[in-house]
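Trainee: I would like to go through the labels on this model and ask what stands behind each one.

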Amino acid sequence: VHSSTSSTRTSRSRVTIRTLTLKHQSPSNCMTLRLTAIVAMTADRVIGYRGNLPWHLTEDLAFFKKTTSGHPIVMGRKTYESIGRPLPKRRNIVLTRDLSWKADGIEVIHQPIDLSKLPDIEGQVFIIGGAEIYAAFMPQIEDLLVSHVFENYVGDTRLPSFENEFPQSEVIESHQAFKVRRHFRANSLSH
């Protein structure tokens, strides 16, 4: 795994994006992936309850759909089973330890490094959960899009701590029940 850095200038800031170059088979067969986690959580870090979201926030679901459509998404088996079907307009990838698990419309990987071995995988990839999947990919994740839900909910699944590795953030959307923050690693956004 190699890291590279590129800069772009926007009207309000200079954005530096680190990308991961994951190699497999031969150095000439090289792909660049940009991994972003997308998640909704409460102040107590709750992200799930009994295999489902503890809330129904229409605006958050719309943000998720708008953001991930057209991109590969990676989820754990339990997350896939809670959804119950492949999400449309996305390349659906499930990470599971079960070597015999399969489902129609799903690509299966068994460890995070297998993501780079999939054919034609490149560009933006969204990690959509659950907690174990976020933890497994955290070293490779470039940024997190976190819907910070204002109300507290009972839950049995919590997002692993990420703030020390992603100490900077910016609000990118605000709604009555939540705000979306992009959390990023130190030095990936400078003004």
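What follows is a set of questions on labels and the values behind them.

Mentor: This is a predicted model, where local features need pLDDT of at least 70, side-chain atom pairs count only at pLDDT 80 or more, and totals for chains, interfaces and linings use all residues. Residues are numbered from 1 along each chain as its sequence is written, and side-chain values use heavy atoms, with hydrogens and water left out.

Trainee: Why is phenylalanine 162 called buried?

Mentor: Its relative accessible area is 1%. Buried means under 20%, exposed over 50%, and partly exposed in between, with a 1.4 Å probe and protein chains only. So phenylalanine 162 is buried. Phenylalanine 166 is buried too, with a relative accessible area of 1%.

Trainee: What makes phenylalanine 162 and phenylalanine 166 an edge-to-face pair?

Mentor: Rings of Phe, Tyr and Trp (its six-membered ring) pair if their centres lie within 6.5 Å; planes under 30 degrees apart are stacked, over 60 edge-to-face, the rest tilted. Here the centres are 6.3 Å apart and the planes make 65°. Both values pass, so the pair is edge-to-face. By this rule the count comes to three aromatic pairs.

Trainee: How do you know that S11 and S12 pair?

Mentor: Strands are DSSP runs of E, at least two residues, and helices are runs of H or I, at least four, numbered from the N terminus. Two strands pair if DSSP finds at least two bridges between them. Six bridges join strand S11 (residues 168-174) to S12, so they pair. They run antiparallel and form a hairpin with three residues between them. Valine 171 stands opposite arginine 181 in S12.

Trainee: Which strand is joined to S12 by seven bridges?

Mentor: Strand S9 (residues 143-149), also antiparallel. Histidine 148 has lysine 179 in S12 as its bridge partner. Strand S12 (residues 178-184) is mostly covered, with five of its seven residues buried.

Trainee: Why are the buried residues of H1 said to be on the same side?

Mentor: In H1, Asp60, Phe63, Thr67 and Thr68 are buried. They cover an arc of only 105° around the axis, so they are on the same side of H1. The arc is that of the directions from the helix axis to the C-beta atoms. On the other side, Thr58, Lys65 and Lys66 are exposed.

Trainee: What is said of the phi of arginine 50?

Mentor: Most residues other than glycine have a negative phi, and most peptide bonds are trans. Arginine 50 is not a glycine, yet its phi is positive, about 50°. It lies in the loop between S4 and H1, and counts as exposed at 65% relative accessibility. Aspartate 120 also is not a glycine and has a positive phi of about 55°. A cis peptide bond joins glycine 129 and glycine 130, with omega about 0°.

Trainee: What makes a space a pocket, and what lines the largest pocket?

Mentor: On a 1 Å grid over the protein atoms alone, a cavity is a set of points where a 1.4 Å probe fits but cannot get out; a pocket is an open set with protein on both sides within 12 Å along at least five of seven lines. Lining residues have an atom within 4 Å of a point. The largest pocket is lined by 42 residues, of which Thr79, Ser82, Ile128, Gly129 and Gly130 lie nearest its centre.
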